[in-house]
Amino acid sequence: MIGISRPLRPLRRRVVCTMFAAFIGAAPGYQPAAAAEVAYPSKPVRMIVGQPAGGNADLTARQYAQRLGERFAVQFVVDNRGGGGGVIATELTARALPDGYTLFLGHTALGTNPALIKNLPFDTRRDLAPISLLIAGPNIVVVGAAHPLRSIADIIKEARARPGKLNYSSSGVATATHVAGELFKYMAKVDMQHVAYKGAPASMIAVSTGESDLSFAGMSGALPLVRGGRLRAIAVTGEKRWPTLPEIPTVSESGVPGYECLAWYALFGPAKMPATVVNLLHREVAAISQNQDMRSRMMAEGLEPLGTTPKALDEFLAREILKWTRLAKTAGLSAN
């Protein structure tokens with residue numbers, strides 16, 4: 001099990017950096033004696049999000065940004081840069097100054113992009129500094145309220161009777177909502193068409209209006225429409241039923257044994273960020289993740305706060321890339 005390190009207090013800490021100064025006429029072997037303490041952060045911090053506003057990624061970023069801002073008394077500004085399955089946002093981060101003032105809310109696509117997209121303009125593990133795995137949770141399979149499909153068994157039956165006719169929407173290429181559908185196709189041995197939309201809101205509108213047959217949606221975007229009667233929830237994509245939705249079965253227990261696909265969201269910076277800044281940010285988000293109000297709020301949205309160590313996130317990302325690379329080769333998955 002991934003451990004969470006204990007948060008440190010007080011909330012405001014100091015990051016020490018060594019200052020070098022020219023010294024005219026200094027004796028041989030002279031070493032600068034001063035080590036100045038510079039407060040971090042001393043100005044607003046940008047948090048880039050690789051998805052448009054709305055949906056799980058945006059919700060996660062705003063929840064953590066708000067609380068980080070409160071703890072540091074400095075604004076953390078969410079900057080939504082959707083498109084390209086998170087590639088645009090990832091590249092912006094990889095090229096930013098590694099000073100701690102550009103952060104990145106990465107998501108499941110960081111694990112799937114290396115497997116599904118050729119010639120990425122960055123190396124995911126080399127060009128990013130892992131800080132903490134913030135959140136993880138299942139997606140939820142939904143159809144429009146008036147759609148005749150009412151179960152996973154119905155989806156499988158219809159997809160086999162009319163190969164390639166059913167379509168499922170996603171919030172973008174290589175996102176959790178995309179690969180969850182591709183994994184379902186492979187494990188259920190069915191053929192469905194993938195339709196990528198620009199973000200979760202557009203994807204949910206497509207399902208609720210009947211433009212799309214179904215979606216393996218993020219819970220935060222889907223549940224309000226389920227509760228409002230515009231969508232019908234069929235199953236969750238986790239290993240177990242979600243605690244706040246005990247009446248909704250898993251895909252695995254509904255006809256696809258062993259199926260599991262989780263969405264996750266993690267905090268990164270550019271490579272070569274100072275270790276002191278990385279560790280400070282990790283300790284703060286770990287403390288936020290254990291806050292009971294935060295946990296209750298996010299669990300209700302189908303997301304579990306984690307707050308892991310940088311090392312644990314790096315190891316997790318390596319496993320994700322390996323898992324999806326193997327599956328892409330076996331199942332012939334691509335970003336198309």
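Student: Which side chain has a polar atom 3.0 Å from the backbone nitrogen of Asp293?
Tutor: That's Asn291. It counts as a polar contact, meaning N or O atoms within 3.5 Å, one able to donate a hydrogen and the other to accept it, with sequence neighbours counted only if both atoms are side-chain atoms. The Asn291 side chain also reaches the backbone nitrogen of Met294, at 2.9 Å.

Student: What kind of model is this?
Tutor: A predicted one: local features need pLDDT of at least 70 and side-chain atom pairs 80 or more, while totals for chains, interfaces and linings use all residues. Numbering runs from 1 along each chain as its sequence is written, and side-chain values use heavy atoms, without hydrogens and water.

Student: Where does Asn291 lie?
Tutor: In the loop between helix 8 (275–289) and helix 9 (292–300); helices here are DSSP runs of H or I, at least four residues, numbered from the N terminus.

Student: New topic: how much space lies in the largest cavity?
Tutor: About 220 Å³, as the space filled by probe spheres set on grid points joined across faces, edges and corners. A cavity is a set of points on a 1 Å grid over the protein atoms alone where a 1.4 Å probe fits but cannot get out; lining residues have an atom within 4 Å of a point.

Technical notes
Helices (H or I, at least four residues) and strands (E, at least two) are DSSP runs, numbered from the N terminus. On a 1 Å grid over the protein atoms alone, a cavity is a set of points where a 1.4 Å probe fits but cannot get out, and a pocket is an open set with protein on both sides within 12 Å along at least five of seven lines; lining residues have an atom within 4 Å of a point.
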